[in-house]
Amino acid sequence: MTEQNTINLDAANKEQQFEAIERQHGGYWRHDFIDHAYLYNLYFPPERFFQQLTSQINELVLNYPVAQDVLAGLVGTLIDQPPERIVVGNGAAELINIVSGHLAQKLIVPVPSFNEYANAAPTENVIEFALDAPSFQLDVDKFAAEAIRNKADVAVVVSPNNPTSLLVPKAHLVRLLDKLAAHDCILIVDESFIDFARDRDGETLDGDIAKYPNLAIFKSMSKAYGICGLRIGYMLTANAAFADQVRQGLHIWNLNGFAETFLIHAPEYQQEFLASCDRVRADRDQFYRDLCAINGLTVYRPDANYIFCRLPDHAPSCPEVARRLFVQHNIYVKHCQGKTMPESDRYIRIASRTQAENKVVAEALGVIIGSEKSS
């Protein structure tokens with residue numbers, strides 16, 4: 001086989017791998033590429049957690065895990081909340097499925113946003129509220145008016161939002177809560193990425209949970225704690241009736257012993273966790289500056305651990321840019337084609353990893369965009 005034939009065969013294999021990865025929803029670590037699509041905290045958990053886990057692996061495999069009441073107590077210890085306010089899910093996805101798929105009669109969600117809230121609900125129960133381009137900022141007054149007009153009983157706001165990485169200020173969410181309260185509408189605020197916000201403590205609503213019976217905070221622990229494989233998420237609410245309704249949708253052993261072990265030990269690592277979030281923010285902010293240096297690329301200032309970008313008009317479409325990054329540079333990013341938004345084929349979402357890895361992405365993206373302009 002000639003050298004050129006070998007190159008062509010490698011490229012063909014990468015094309016096939018890209019198409020296969022596009023259809024997958026995980027298991028990426030089994031393939032040899034740099035994953036800038038899924039969202040991780042690469043600096044947590046610390047190594048001694050893995051040592052604790054492996055030292056108990058026989059018992060964890062052979063024995064039943066604890067059930068919901070104990071899990072709620074473990075999460076409560078970690079976040080300093082009473083367990084009766086907490087429902088623990090097998091990832092936030094389990095809780096989303098219960099609320100969107102079974103409890104909400106009419107659910108309103110801004111778009112673009114995390115698709116699972118709408119995907120889990122019957123189509124006729126979903127109202128999509130379009131975020132206006134190019135800012136993609138949520139106007140909470142218009143959102144509240146639309147929720148009330150449609151008699152929505154559940155409204156969802158993801159903050160910071162996915163894929164835009166933009167945070168909705170706490171003061172705006174409080175105004176939204178007040179507007180919805182008089183109309184028996186629960187507001188779900190998904191704070192899965194709040195730990196990466198610049199002012200996490202000033203923006204989270206968890207300290208105000210008792211003031212607002214129509215508030216439920218959803219949180220996936222996968223993103224902030226870097227434990228995607230363990231599948232842990234929780235709902236925090238002072239609305240006892242709503243919490244009971246969600247609990248009724250869970251089965252008795254919805255988390256396994258590996259997740260239980262993480263929750264037992266997580267409070268020991270709190271300082272390391274906070275330090276890891278600082279590192280994620282530092283890497284992300286440098287990545288933001290590197291991407292801003294690419295001529296023509298519109299880069300949204302991020303509040304989460306990923307960055308939302310609009311490609312310049314002269315650049316290829318976002319699926320084509322994603323394909324070239326994968327085939328030519330072994331980098332996988334998330335393109336937004338198919339999202340409910342205008343010009344969805346012009347936007348990409350890039351997860352921040354280490355500074356060295358981020359720099360490689362920025363350079364590769366600059367080459368693809370720059371080469372197209374000069375051709």
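What does Cys-228 count as at 27% relative accessibility?

Solution. The model under study is predicted, so that local features are considered only at pLDDT of at least 70 and side-chain atom pairs only at pLDDT 80 or more, whereas totals for chains, interfaces and linings use all residues. Residues are numbered from 1 along each chain as its sequence is written, and side-chain values rest on heavy atoms, with hydrogens and water left out. With a relative accessibility of 27%, Cys-228 is classed as partly exposed; the scale calls a residue buried under 20% relative accessible area, exposed over 50% and partly exposed in between, for a 1.4 Å probe and protein chains only.

**Exercise 1.** Find how many disulfides the structure holds, and account for the state of Cys-228.

Solution. Begin with the count, which is zero (a disulfide being a pair of cysteine sulfur atoms within 2.5 Å). Next, take Cys-228: its closest cysteine sulfur belongs to Cys-277 and lies 13 Å away, so the two are too far apart for a bond. Cys-318 likewise takes part in no disulfide, since the nearest cysteine sulfur, in Cys-336, is 6.3 Å from its own.

**Exercise 2.** Locate the salt bridge of Arg-175 and state which parts of the chain it ties together.

Solution. Searching the whole structure gives 22 salt bridges (a side-chain nitrogen of Lys or Arg within 4 Å of a carboxyl oxygen of Asp or Glu). One of them pairs Arg-175 with Asp-141, and here the closest N and O atoms are 3.0 Å apart. Because Arg-175 sits in helix α8 (residues 170-181) and Asp-141 in helix α7 (residues 140-149), this pair ties together parts that are 34 residues apart in sequence.

**Exercise 3.** Describe the salt bridge between Asp-195 and Lys-219, and state whether its partners are buried or exposed.

Solution. First, the distance: the two side chains meet at 2.5 Å, N to O. Second, the location: Asp-195 belongs to the loop between β6 (186-190) and α9 (200-203) and Lys-219 to strand β7 (residues 215-220), so that distant parts of the chain, 24 residues apart, are linked. Third, the accessibility class: Asp-195 and Lys-219 are both buried.

**Exercise 4.** Work out how Glu-320 and Arg-323 are placed within their helix, and then name the members of the network that contains Lys-219.

Solution. Glu-320 and Arg-323 form a salt bridge whose closest N and O atoms are 2.8 Å apart. Both residues are in helix α14 (residues 318-329), and because they are three residues apart there, about one helical turn separates them. Glu-320 is partly exposed at 23%, and Arg-323 is partly exposed at 21%. As for the network, salt bridges with shared partners join Asp-195, Arg-200, Asp-201, Asp-206 and Lys-219 into one.

**Exercise 5.** Identify the backbone features in the loop between β5 (154-158) and α8 that involve Pro-160, Pro-163 and Ser-165.

Solution. As background, most residues other than glycine have a negative phi, and most peptide bonds are trans. Start with Pro-160, a residue of this loop: the peptide bond joining Ser-159 to Pro-160 is cis, with omega about -5 degrees. Pro-163 lies in the loop between β5 and α8 as well, and the bond from Asn-162 to Pro-163 is cis with omega near 25 degrees. Ser-165, also placed in that loop, has a positive phi near 70 degrees without being a glycine, and at 0% relative accessibility Ser-165 counts as buried.

**Exercise 6.** Give the phi of Glu-343 and its place in the chain.

Solution. Glu-343, which is not a glycine, has a positive phi of about 50 degrees. The residue is in the loop between β11 (331-335) and β12 (347-351), and Glu-343 is partly exposed at a relative accessible area of 46%.

**Exercise 7.** State the accessibility class of Val-61 and how far its C-alpha atom is from that of Leu-205.

Solution. Val-61 belongs to helix α3 (residues 57-62), and with a relative accessible area of 59% Val-61 is exposed.

Definitions and conventions
Helix = DSSP H or I, 4+ residues; strand = E, 2+ residues; numbered from the N terminus.
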